[in-house]
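Please look over the sequence and the 3D structure shown below before reading on. The briefing is meant to be read side by side with them.

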Amino acid sequence: MERIKAIMRKPRAAVGSGHRRQAASQEGRQKHAKSNSQAKPSACDGLARQPEEVVLQASVSPYHLFRDVAEVTAFRRSLLSWYDQEKRDLPWRRRAEDEVDPDRRAYAVWVSEVMLQQTQVATVINYYTGWMQKWPTLQDLASASLEEVNQLWAGLGYYSRGRRLQEGARKVVEELGGHMPRTAETLQQLLPGVGRYTAGAIASIAFGQATGVVDGNVARVLCRVRAIGADPSSTLVSQRLWGLAQQLVDPARPGDFNQAAMELGATVCTPQRPLCSQCPVQSLCRARQRVEREQLLASRSLSGNPDVEECGLLAGLWEFPSVTWEPSEQLQRKALLQELQRWAGPLPVTRLRHLGEVVHTFSHIKLTYQVYGLALEGQTPVTTVPAGARWLTQEEFHTAAVSTAMKKVFRVYQGQQPGTCKGSKRSQVSSPCSRKKPCVGQQVLDNFFRPHISTDASNLNSAAQ
């Protein structure tokens, strides 16, 4: 029975210059079959701990956080000052600002947020105006027929949104005395179809509750400002983004702040070709800082200039060690072997072989991984590892806090998915014969594996520390 152990590390703050990287692996055979009691649950599985487990959690580097109150204050001040001058004149904003009655104000915000789900602002404006003219209050909507609601909603799509909005209005009128719930928690709890984002938007804009919100625009802003490249839709990263939003929201102007963050993502920090020169928080943007550094380095070399949308990290998840891609095969192998020897000591140079390529797209970053292998048959590996790294057994790898991309790199090593990766439109796995020439400006991480050689449980525990 074979046993392998993999070494993994937390991402460096400056990892990934926009260049491709080479991935390496080490293979080994272990004839002494041993049971492993250290398979760990991932951070997203609730961290169900056993008494003697060492749980591999995804801690977040300070690089992805805001350092202190002064930095948070500067972000709030810059964003709100920009919003006061540059915000778009939209009918739901005017209504929320002018409406004195809190229930009518909350209703106006609620309608706009529901309509804006999956629909562009330009399309919503006329529908919103017509809706509020026909049903200006919760009571008016509650008394309407479903047929009337569907008729006015025609063309917006996702008709269940209009139905749920009316169901919510009827519940407020019939069960809540005509008064909207005043907090994000109760809004989400009591109103049908109201999720975490919509509840936070209503509570902050209509009632002044200091609660942060995260939609697609806000997530993109936060990911770039703090250089987070992991998929924001994943449970772990989503939780971190909501935490950042809560930390940043201005307690004096929570509604304006949340709208400003969404406005920034919609008009300046766009998915493609963001207008960084017009961004009010560019001085606090980690992605922008990295772009400027890489552009300076690129000006001294032949490599391409990176864009903001290419910068980002794995948000504190575990990754395999990496080296920067070199323009020639000879330089690639030399750099790769030097890195591996730094981690594992002397290695058999002639056994290094290319295993394949993985192309993986995160939310806004395309990464290409070149995976290499190096057999260590009968060779005892170095047991010590650099700070910030640890050895994992194969079982531990599958339950540790690692990204989907790292799992795909591992599958290349295992040889389980040659050719195109089935079941995923966002990734591609290819063998050496089918891979295309590397493109400048893409970032690649690496991995390597080696045998787990242990004579007792204590050695196993020390290797995993």
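This is a predicted model: local features need pLDDT of at least 70, side-chain atom pairs count only at pLDDT 80 or more; totals for chains, interfaces and linings use all residues.

Of the 465 residues in the protein, 52% are buried. When contacts between residues at least 6 apart in sequence are considered, 75% of them join residues that are at least 24 apart.

- Helix 4, which covers residues 121–134, packs with helix 6, which covers residues 146–153, at an angle of about 150 degrees, and their axes are 10 Å apart.
- Because an angle over 145 degrees counts as roughly antiparallel, helix 4 is described as roughly antiparallel to helix 6.
- On the side of helix 4, the residues in contact are Y127, G130, W131 and K134, and they meet E148, V149, L152 and W153 of helix 6.
- Sorted by class, the residues in this contact of helix 4 with helix 6 are five nonpolar, one polar and two charged.

**The largest pocket**

- The largest pocket has a volume of about 500 Å³, and of the 22 residues that line this pocket, the closest to its centre are L116, V121, D215, N217 and M262.
- In terms of class, the lining of the largest pocket is made up of ten nonpolar, seven polar and five charged residues.

**The cavities**

- The structure holds six cavities of 30 Å³ or more, and the largest cavity contains about 120 Å³ of space.
- Among the 15 residues that line the largest cavity, those nearest its centre are R224, C269, C276, C279 and C285.
- Helix 10, residues 216–225, provides the largest share of the lining of the largest cavity, which is three residues.
- The lining of the largest cavity divides into twelve nonpolar residues, one polar residue and two charged residues.

- N258 is found in helix 12, and N258 counts as buried because its relative accessibility is 3%, where buried means under 20%.
- Leaving aside residues up to four places away in sequence, N258 touches G200, S204, T211, G212, V213 and V249.
- P348 has its place in the loop between helix 14 (329–344) and strand 4 (353–361), and a relative accessibility of 17% is why P348 also counts as buried.
- P348 and L374 are 26 residues apart along the chain, and their C-alpha atoms are separated by 7.8 Å.

**Two exposed residues with positive phi**

- Y158 is a residue other than glycine with a positive phi, near 50 degrees, and Y158 lies in the loop between helix 6 and helix 7 (160–175).
- With a relative accessibility of 53%, Y158 counts as exposed, because exposed means over 50%.
- R273, although not a glycine, has a positive phi of about 50 degrees, and R273 lies in the loop between helix 12 and helix 13 (286–298).
- R273 has a relative accessibility of 70%, and therefore R273 counts as exposed.

Technical notes. Residues are numbered from 1 along each chain as its sequence is written. Side-chain values use heavy atoms; hydrogens and water are left out. Axes are lines fitted to C-alpha atoms, for helices over the stretch in contact, and angles run from 0 to 180 degrees between N-to-C directions. Helices (H or I, at least four residues) and strands (E, at least two) are DSSP runs, numbered from the N terminus. Angles under 35 degrees count as roughly parallel, over 145 as roughly antiparallel, 65 to 115 as roughly perpendicular and the rest as oblique. Contact means heavy atoms within 4.5 Å. Ala, Val, Leu, Ile, Met, Phe, Trp, Tyr, Cys and Pro count as nonpolar, Asp, Glu, Lys and Arg as charged, and the others, Gly among them, as polar. On a 1 Å grid over the protein atoms alone, a cavity is a set of points where a 1.4 Å probe fits but cannot get out, and a pocket is an open set with protein on both sides within 12 Å along at least five of seven lines; lining residues have an atom within 4 Å of a point. Grid points are joined across faces, edges and corners, and a volume is the space filled by probe spheres set on the points. Buried means under 20% relative accessible area, exposed over 50%, partly exposed in between (1.4 Å probe, protein chains only).
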